[in-house]
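Notebook open, structure loaded. I want to look up a couple of side chains and then some helix packing.

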Amino acid sequence: MKRILFVASECVPFLKTGGLADVVGSLPKYFPKEYFDVRVVMPKYSGIREEFKNQMQFITNFYMDLNWRQQYVGVFKLEHNGITFYFIDNEEHFSGDKPYAGMPWDLEKFAFFSKASLSILPVIGFRPDIIHCHDWQTGLVPVYLHERFQGSEFYRGIKSVMTIHNLKFQGVWDIKTIKSITGLSDYYFTPDKLEFKKDANYLKGGLVYADAITTVSRTYAEEIKTPFYGEGLDGLMRARTNDLRGIVNGIDYDEYNPETDEFIYKHYNAKTFRKEKSKNKTGLQQDLGLDVDPKTMMIGIVSRLTDQKGFDLIAYMMEEMCQDGIQLVVLGTGDPKYENMFRHYAWKYDKKVSANIYYSEAMSHKIYAAADAFLMPSLFEPCGLSQLMSLRYGTVPIVRETGGLKDTVQPYNEYEGTGTGFSFANYNAHEMLGTIRYAERIYYDRKREWNKIVDRGMAQDYSWASSAKQYEELYNWLA
């Protein structure tokens with residue numbers, strides 16, 4: 001029996017700001033219980049819903065030194081969906097309505113959390129074989145494990161895995177402050193350890209000391225070894241190339257299921273989509289005040305409206321796209337210039353463009369089910385989940401070939417009759433528009449071919465089950 005501990009700053013259903021929470025909340029359920037005991041530890045934020053707080057059971061509390069002062073550590077436990085979750089309590093660090101307060105406050109918060117996650121292990125009577133750390137917030141776990149915990153019998157031989165969900169976020173601040181917060185000696189602040197461009201870097205520490213490194217798609221694992229995607233750490237990624245692997249995220253196939261989805265207008269599956277899927281489109285057209293016509297091609301976008309997601313390309317081509325025979329439905333918030341750009345086009349072309357500048361889980365499901373195609377022209381995309389949801393709902397992805405998008409969407413080839421979506425290679429607005437117009441042509445002129453693309457997309461398996469198998473291999477290799 002292998003014992004695995006996930007350490008993460010967020011986790012569904014307790015608290016979520018992004019895809020990281022989905023991974024940490026969903027993945028543990030998919031390991032075979034007879035071979036793996038997977039548990040999760042996260043902060044006990046005051047923002048966690050009362051119904052969960054009421055189910056938590058208090059285990060113990062103690063004081064832990066974090067460099068120059070003693071800090072309170074409370075430990076709570078909760079069983080949910082057959083998985084044991086531990087919550088670390090500290091009013092000073094985890095109160096407030098948001099999990100992240102920004103720098104430099106988050107540096108002390110997550111140094112505390114990383115050290116506490118290791119300190120509670122003897123107390124809760126769980127000695128993991130492998131500690132699986134997620135993103136920069138837990139980067140100090142492998143460092144502390146090496147620095148002060150390996151000395152004791154209990155911790156000796158525990159291995160660590162570091163998963164990069166997005167290399168852009170690293171937890172960087174000046175060395176003096178970080179030395180004072182963490183209590184680490186000068187030994188750790190050299191260029192081959194935490195030092196990074198004269199500052200200190202939490203994620204780099206984790207990547208140096210972890211026994212294995214994963215990221216959330218095969219292509220992204222290759223991309224981050226290059227200066228363009230490497231965010232200053234490409235040299236380290238190349239040095240650790242033998243310990244680095246890419247494992248694509250999955251999605252929860254129970255939650256995202258067009259046969260049972262409570263949010264959508266009309267249920268359908270891979271057999272019935274030809275008749276039933278378009279009823280979701282007319283339902284949404286009606287609700288959003290667009291022209292109601294099941295034959296009009298609808299393109300959906302559900303995203304943070306930021307440069308990373310390729311919205312500068314869309315902004316550049318928006319007027320041209322509005323001249324085509326399509327409808328565009330957008331859901332999300334982000335950079336005000338993109339929010340206002342979509343509002344403007346929704347005003348100018350009110351029967352063709354719908355701008356929903358907010359976020360709603362229910363509305364996102366409606367768009368995945370209603371749209372014919374889904375646009376994701378990202379500049380970089382470590383994994384991306386929206387394209388996986390689109391494939392599940394028979395909505396054809398139009399993506400740029402980067403990171404997880406390249407790994408999960410096979411470009412349509414009209415000569416071989418293969419492919420599950422449409423893609424373009426260069427980060428170029430005209431190339432994007434050319435690909436969208438190619439998709440429009442297939443949709444309008446070769447409907448049978450389009451339906452076969454949908455068939456192939458809906459037949460893909462991007463559930464967590466297949467990702468879990470690859471993590472099992474990694475754990476077995478490590479332990």
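I count a residue as buried when its relative accessible area is under 20%, and as exposed when that is over 50%, with partly exposed in between. One caution before I start: this is a predicted model.

**Entry 1: H93**

I looked up H93 and found it in helix α3, which covers residues 91-94. Buried or exposed, H93? Its relative accessibility comes out at 7%, so H93 goes down as buried. Next I asked which residues H93 touches, leaving out those up to four places away in sequence. My list reads R69, Q71, E108, K109 and F112. With Q71 there is also a polar contact between side chains, at 2.8 Å.

**Entry 2: E79**

I moved on to E79, which sits in strand β4, residues 69-80. E79 has 47% relative accessibility, so I put it down as partly exposed, since that class lies between the 20% and 50% cut-offs. What does the side chain of E79 pair with in a polar contact? I found T84, whose side chain joins that of E79 at 2.8 Å. I also checked E79 against V12, 67 residues away along the chain. Their C-alpha atoms are 13 Å apart.

**Entry 3: α4 and α7**

Then to helix pairs. I took helix α4 (residues 105-119) with helix α7 (residues 175-182). Their axes come within 10 Å and cross at roughly 35°, and I noted the crossing as right-handed. Which residues make the contact? From α4 I have L107, E108 and A111, and from α7 I have I178, I181 and T182. Sorted by type, the residues of this contact give me four nonpolar, one polar and one charged. E108 was already in my notes, as one of the residues that H93 touches.

**Entry 4: α13 and α14**

Last pair: helix α13 (residues 311-322) and helix α14 (residues 336-348). I get an angle of about 10° between them, with the axes 11 Å apart. Angles under 35 degrees count as roughly parallel, so I call α13 roughly parallel to α14. On the α13 side, the contact is made by F311, D312, I314, A315, M318, E319 and C322. On the α14 side I wrote down Y338, M341, F342, Y345 and K348. How many residues of this contact are nonpolar, polar and charged? My tally for α13 with α14 is nine nonpolar, no polar and three charged.

Notes
Residues are numbered from 1 along each chain as its sequence is written. This is a predicted model: local features need pLDDT of at least 70, side-chain atom pairs count only at pLDDT 80 or more; totals for chains, interfaces and linings use all residues. Side-chain values use heavy atoms; hydrogens and water are left out. Helices (H or I, at least four residues) and strands (E, at least two) are DSSP runs, numbered from the N terminus. Buried means under 20% relative accessible area, exposed over 50%, partly exposed in between (1.4 Å probe, protein chains only). A polar contact is a pair of N or O atoms within 3.5 Å; within protein, one must be able to donate a hydrogen and the other to accept it, and residues adjacent in sequence count only if both atoms are side-chain atoms. Axes are lines fitted to C-alpha atoms, for helices over the stretch in contact, and angles run from 0 to 180 degrees between N-to-C directions. A crossing is left-handed if the near helix is turned anticlockwise from the far one by less than a right angle, and right-handed if clockwise. Contact means heavy atoms within 4.5 Å. Ala, Val, Leu, Ile, Met, Phe, Trp, Tyr, Cys and Pro count as nonpolar, Asp, Glu, Lys and Arg as charged, and the others, Gly among them, as polar. Angles under 35 degrees count as roughly parallel, over 145 as roughly antiparallel, 65 to 115 as roughly perpendicular and the rest as oblique.
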